[in-house]
Amino acid sequence: MKTLILNGSPRKNGDTMTWLKEFINKLDGEYKIVNAYKCNINPCIDCRYCWENEGCCQKDEMQEVYKYIQECDNILIASPIYFSELTGQLLAIMSRLQTYWCARFFRKVTPIAKKKRGGVLLVGGGDGSMEKASDTAVCILNKMNAKLIGAAYSHNTESISPIYDNDAMRSMENILVQFNEGEDYRNEKEVT
C-alpha cells in the first residue's frame, strides 16, 4: 500500500502537521510526503508543452511526484485554510497537474489508469468556510484519478487542536480505515 500525502502547511509544528503526524502513525504501508513549503517544485508556467507532450518541461521534484502518483493507492491532501481556501503554495504546486488535464482534453489519452482512494484533512479557525477549500481539494484529487472516500475538518483551531476535536478525529479514522483496508477500484465499472 502506497500513500501520497500533499501537505500544504508552512509550519512544521502547527495544527495541520500535528494532525498529519497522528494520521501517519496509524497509516499502513509506504508513504511519501510532499511539503509544499519545503519542496523544489515550481508552479505551472503555462508554456503549453503538455498540450502536445506527456509530462512537463520543467525538471524539478515534480518528476518524482508524477511517478509516485502513477504508483500510489491513496492520496491525502492536508492543509490549513487561508481565506477559505487551501494554502497558496499548495495550489501553486498543484497547478502542475495541468499536464493531466491536457492529456485528456488535448492529447485524448488517459494520463493515470490506476484508480486511487482520496482523502482530505482541513484545519482552520476564524470565520471562514471549509466548503471552497474542500471543493478545490476534491477537484485536485479527481485530476489524479482519486475518488474521495472521506474528508475530515477541524474548524475551531483557535480553541482546540485537531487531535482533541472528537468529530474531526472520527472522520480522520474513517479515512484511515479505508486507506488501510484498500478497496480495489480497478475492477469497478465507470457509470457515464
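**Entry 1: helix 4**

I began with helix 4 and found that its buried residues pack against helix 2 (62-71) and helix 5 (131-143). I note at the outset that I am reading a predicted model. The buried residues in helix 4, which runs over residues 98-105, are T99, Y100, C102 and A103. Looking down the axis of helix 4, I see these buried residues within an arc of 165 degrees, so they line one face of the helix.

**Entry 2: helix 1**

I turned next to helix 1, which covers residues 15-26 and has 12 residues. From its first C-alpha to its last I read 17 Å for helix 1, which is close to the 16 Å expected at 1.5 Å a residue. I listed T16, M17, W19, L20, F23 and I24 as the buried residues of helix 1. Seen down the axis of helix 1, they fall within an arc of 160 degrees, so here too I can speak of residues that line one face of the helix. I then asked myself what covers the buried residues of helix 1. The cover includes strand 1 (2-7), strand 2 (30-35), strand 3 (74-80), strand 4 (116-123) and strand 5 (146-154), together with helix 6 (166-181).

**Entry 3: helix 6**

Helix 6 has 16 residues and reaches 22 Å from its first C-alpha to its last, close to the 22 Å expected at 1.5 Å a residue. I found A168, M169, M172, I175, L176 and F179 buried in helix 6. Viewed down the axis of helix 6, these buried residues keep within an arc of 120 degrees, so they line one face of the helix. They pack against strand 1, helix 1, strand 3, strand 4 and strand 5. On the face of helix 6 turned away from its buried side I noted the exposed residues N166, D167 and E181. Just after helix 6, I recorded a positive phi of about 65 degrees at G182.

**Entry 4: helix 1 against helix 6**

For the pair I wrote down both the angle and the distance between the axes, because two packed helices are described by these two values. Helix 1 and helix 6 pack at an angle of about 35 degrees, and their axes are 10 Å apart. I noted the crossing of helix 1 past helix 6 as right-handed. From helix 1, the contact is made by W19, E22, F23 and K26, and from helix 6 by A168, M169, M172, E173, I175, L176, F179 and N180. Sorting the residues of this contact, I have 8 nonpolar, 1 polar and 3 charged.

**Entry 5: two asparagines**

Is N7 buried or exposed? I place N7 in strand 1, and with a relative accessibility of 1%, which is under the 20% cut-off, N7 counts as buried. Leaving aside neighbours within four places in sequence, I found N7 in contact with T16, M17, L20, I33, V34, N35, A36 and A78. Of these, T16, M17 and L20 are among the buried residues of helix 1. I also checked N7 against K108, and the two are 101 residues apart in sequence and 30 Å apart in space, C-alpha to C-alpha.

Last, I looked at N156, which sits in the loop between strand 5 and helix 6. N156 is partly exposed, with a relative accessible area of 34%. Although N156 and G124 are 32 residues apart along the chain, I find their C-alpha atoms separated by 6.3 Å.

Terms used: Residues numbered from 1 in each chain as written. Predicted model: local features only at pLDDT ≥ 70, side-chain atom pairs only at ≥ 80, totals over all residues. Heavy atoms only, no water. Helix = DSSP H or I, 4+ residues; strand = E, 2+ residues; numbered from the N terminus. Expected span 1.5 Å × (residues − 1). Buried < 20%, exposed > 50% of the residue type's maximum accessible area, 1.4 Å probe, protein only. Arc of directions from axis to C-beta. Contact = heavy atoms within 4.5 Å. Axes fitted to C-alpha atoms, helices over the stretch in contact; angles between N-to-C directions. Left-handed = near helix turned anticlockwise from the far one by under 90°. Nonpolar A, V, L, I, M, F, W, Y, C, P; charged D, E, K, R; others polar.
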